[in-house]
Amino acid sequence: MPCPPRGCYTQQMINKDQRAGPANLPSAVHQEKLTLLLQQSHIAAYISVGVAAILVAVLWEQQSSDRLLTWMGGIVATASVRVVMYQSFRRHPPEVDENSHREFIYFAATLTYFAWWGIGSLWIMPKASYADQIIVLYFMIGLAGSAVAVFSANWPLQIGAVALLLLPIVSWFFAQGSLPEAGMATAGLIFLLSATRSARVLAGTIDTNLRLKHQLINANAVAERLARVDELTNLYNRRAFNEYSRLQAAQAQRTGNPLSLVLLDLDHFKAVNDSYGHAVGDDVLQHVAKMLRESVRESDICGRIGGEEFAILLPGTSAEKAQVVAEALRRQLYEIPFAFPDGEAIIHASFGVAQVRGEFSDALQQADSALYAAKTAGRNRVELCDNVTPIRRPGGEQSRR
Ligand SMILES: Nc1nc2c(ncn2[C@@H]2O[C@H](COP(=O)(O)OP(=O)(O)OP(=O)(O)O)[C@@H](O)[C@H]2O)c(=O)[nH]1
């Protein structure tokens, strides 16, 4: 089947739309937050390994090299888990609606990384000098600040990272009991509380923005669908059918492949509405649409182009073959009675067939003439345009809508 134009619905897409509906909003937002988080945090993992190396260099003279290198090894190992997991997410992104255990492992690895930083900082901090303690506290506060920004898409991870980084060192300072250390502890605590508050505000703002974004995406998808699909029958509406058919006609002219058009109009449909009411009339239209959808090829395009008028475009099909298809549809409709409230009755339709040989509008007029000929010849029959003298309906094509 030739590729449909961009933004144009194919029948398969319409069928898929019917099944899928708009994306699940909470899942779509969750997935986007996860993507945002992963994108930011894997670069942050490299940066924080660099920062750890600087801290090791700064403390090299004051602390045992074994201890510093062991701590650095732990930082590299836990950061590597985050990077490897990021690569795995990149290669196999989680589906919307998937409840991913990988996500849990990633969160656990990230929190372990920050716990290693937070608890390890006490282990590598030279306890004898205030200057060294301030240096370590400075590094921890800086890292906590960047964690607020990096994990802004996930509030629990933000708070977890900041708490794991700062709580051990702040508690240790408080436990020392001296005034300078209590001052450093208080400064760290104030930073911890303000970072927690900022984290919450930032995460809330991101959540609201993503929700609005996905609501807009869903609303656009629904509007796009409504503009092209007939709500009652889920077939193409007239505008979309014509648009698609014009493109197919141009393509058929280029490739030389045959293309045909079948129009069908239910017979005496007014009587159905008058006898059973509009709601039953709608049921009949849906019944016919379902039959058409299920009977034609996947590559054929069905549309409801008027009240009780349908059209089918058949790529790769000559008028003679389209006439056979139309005849089969006519018989199928005629042979399967419709269950009306007071019993079964036959629904039938008249068909007009034409081959699209140039402009689609010409073929539409020819098929319409053939359809009119089928109506005037007694209804419930198929006419091929080549067999009928072109007839303009009284009042022209417009008068039927
Ligand atoms: N239930 C329902 N009826 C519709 C809809 N659109 C158009 N109609 C009705 O379709 C009927 C068309 O009537 P006519 O144009 O006289 O055609 P007909 O009765 O089928 O007669 P022939 O085509 O000459 O066989 C009218 O009663 C319209 O109200 C719709 O969406 N739902």
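Guide: A helix here is a DSSP run of H or I with at least four residues, and helices are numbered from the N terminus. The model is predicted. Just after helix 12, Gly-378 has a positive phi, about 120 degrees.

Visitor: What makes the span of helix 12 agree with its number of residues?

Guide: Helix 12 covers residues 360-376, which is 17 residues. The expected span is 1.5 Å times one less than the number of residues. That gives 24 Å, and the end C-alpha atoms are 24 Å apart, so the two values agree.

Visitor: Why is helix 12 called largely enclosed?

Guide: A residue counts as buried if 20 or more other C-beta atoms lie within 10 Å of its own. Twelve of the 17 residues of helix 12 are buried, so the rest of the structure largely encloses the helix. Among them are Phe-360, Leu-364, Leu-371 and Tyr-372.

Visitor: What do the buried residues of helix 12 pack against?

Guide: They pack against helix 8 (238-255), strand 1, strand 6 (349-355) and strand 7 (382-384).

Visitor: How do you know that strand 1 and strand 3 pair, and in which sense?

Guide: Pairing needs at least two DSSP bridges. Strand 1 (residues 259-266) and strand 3 share seven, in the antiparallel sense, so they pair. Leu-263 stands opposite Ala-311 of strand 3.

Visitor: What joins strand 2 to strand 3?

Guide: Four bridges do, and the strands run antiparallel. Arg-304 has Phe-310 in strand 3 as its bridge partner. Four residues lie between the two strands, which form a hairpin.

Visitor: Which residues of strand 3 are buried on each side?

Guide: One side has Glu-309, Ala-311, Leu-313 and Pro-315, and the other has Phe-310, Ile-312 and Leu-314.

Methods
Residues numbered from 1 in each chain as written. Predicted model: local features only at pLDDT ≥ 70, side-chain atom pairs only at ≥ 80, totals over all residues. Contact = placed C-beta atoms within 7 Å.
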